[in-house]
Amino acid sequence: MKKELLYVDGYNMIGAWPDLAKLKRQDKMADARDYLLNELSNYAKYEGIEVRIVFDAQLVPGIAQRYDKYEVTVIFTSEGETADSFIEKAVGEENLLITNVQVATSDLAEQWIVFQKGATRKSANELYKDVQSAKKKIAIDSAVYRMQNRSRNSPLKDKDKKQLESLYEQMIARSIDEI
């Protein structure tokens, strides 16, 4: 089975997703980045894919770095390097027979370039809808899990419960003997 890898143009998502765009307008870029990381982390875990979020250094100059946070890889490009150029290069290197690379961006030119390199593309809106759908599925799955693991509150005392279990075992034994 192929490894699923999703590259995300971070600032492209921040400009397109409603909650993130609101934080951007309030000049809370760090909060917007953390919110995006959290959302994509849950999505990645639920879908079983590896996510790498790439941010342009132009908005945070001089901090070219790569680190893992919330089990998502975060990449700040070198100063002067765009997220687009970083993603194009990475797609060319990583889109192999054993890896299925997908790129999330609403930049049409970027979509065509990564498509030519063999990667699939997804718009910011499509990724947003996928993340929202995964959130709903996670909520449903966790509710079902909680209900399955909830122990019944029995009005029976332990002594009475043991007597009923013993009676049940006797009835099973009698029916086996009759057969």
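Me: In which sense do β1 and β2 pair, and over how many bridges?
Reply: β1 and β2 pair in the parallel sense, over 5 bridges. Two strands are said to pair if DSSP finds at least two bridges between them. Strands (E, at least two residues) and helices (H or I, at least four) are DSSP runs, numbered from the N terminus.

Me: Before we go on, what kind of model is this?
Reply: This is a predicted model, in which local features need pLDDT of at least 70 and side-chain atom pairs count only at pLDDT 80 or more, while totals for chains, interfaces and linings use all residues. Residues are numbered from 1 along each chain as its sequence is written, and side-chain values use heavy atoms, with hydrogens and water left out.

Me: Back to β1. Which strand do 6 bridges join it to?
Reply: The 6 bridges join β1 to strand β5 (residues 99–104), and these two run parallel. Tyr-7 shows both pairings: its bridge partner in β5 is Val-103, and its bridge partner in β2 is Arg-52.

Me: How many residues of β1 are buried?
Reply: In β1, 5 of the 7 residues are buried, so this strand is largely enclosed by the rest of the structure. Buried means under 20% relative accessible area, exposed means over 50%, and partly exposed lies in between (1.4 Å probe, protein chains only).

Me: Now helix α3. What does it reach from its first C-alpha to its last?
Reply: Helix α3 covers residues 29–47, which is 19 residues, and reaches 26 Å; this is close to the 27 Å expected at 1.5 Å a residue. The expected span is 1.5 Å times one less than the number of residues.

Me: Which residues of α3 are buried, and what follows the helix?
Reply: The buried residues of α3 include Met-29, Ala-32, Leu-36, Leu-40 and Ala-44. Arg-33, Glu-39 and Ser-41 are also among them. After α3 comes Gly-48, whose phi is positive, near 70°.

Me: Which residues touch the most other members in the largest nonpolar core?
Reply: This core has 27 residues, and Val-8, Trp-17, Leu-36, Leu-40, Val-51, Ile-53 and Leu-127 touch the most other members. A nonpolar core is a set of buried Ala, Val, Leu, Ile, Met, Phe, Trp, Tyr and Cys residues joined through side-chain atoms within 4.5 Å.

Me: And which element gives the largest share of this core?
Reply: The largest share, 7 residues, comes from α3. Another core lies apart from this one; it has 13 residues, among them Ile-75, Ile-87, Val-101 and Val-114.

Me: What is Val-51 in contact with, leaving aside its neighbours within four places in sequence?
Reply: Val-51 is in contact with Leu-6, Val-8, Leu-40, Ala-44, Val-72 and Thr-73. Contact means heavy atoms within 4.5 Å.

Me: Changing topic: how many aromatic pairs are there?
Reply: The count comes to 3 aromatic pairs. Rings of Phe, Tyr and Trp (its six-membered ring) pair if their centres lie within 6.5 Å; planes under 30 degrees apart count as stacked, over 60 as edge-to-face and the rest as tilted.

Me: Why is the pair of Phe-55 and Phe-76 stacked?
Reply: The rings of Phe-55 and Phe-76 have their planes at 25° and their centres 5.2 Å apart, so the pair is stacked. Phe-55 lies in strand β2 (residues 50–55) and Phe-76 in strand β4 (residues 72–76), so the pair ties together parts that are 21 residues apart in sequence. Phe-55 is buried at 0% relative accessibility, and Phe-76 is buried at 6%. Together with Tyr-11, these two form one aromatic cluster.

Me: How many salt bridges are there?
Reply: The count comes to 5 salt bridges. A salt bridge is a side-chain nitrogen of Lys or Arg within 4 Å of a carboxyl oxygen of Asp or Glu. Side chains of opposite charge can pair when their charged atoms come close.

Me: Which distant parts of the chain does the pair of Lys-135 and Glu-39 link?
Reply: The side chains of Lys-135 and Glu-39 meet at 3.2 Å, N to O. Lys-135 is in helix α6 and Glu-39 in helix α3, 96 residues apart. Lys-135 is partly exposed at 35% relative accessibility, whereas Glu-39 is buried at 8%.

Me: Which residues are linked in a network of salt bridges?
Reply: Lys-3, Glu-50, Arg-52 and Glu-94 are linked in such a network. Within it, the closest N and O atoms of Glu-50 and Arg-52 are 2.7 Å apart.
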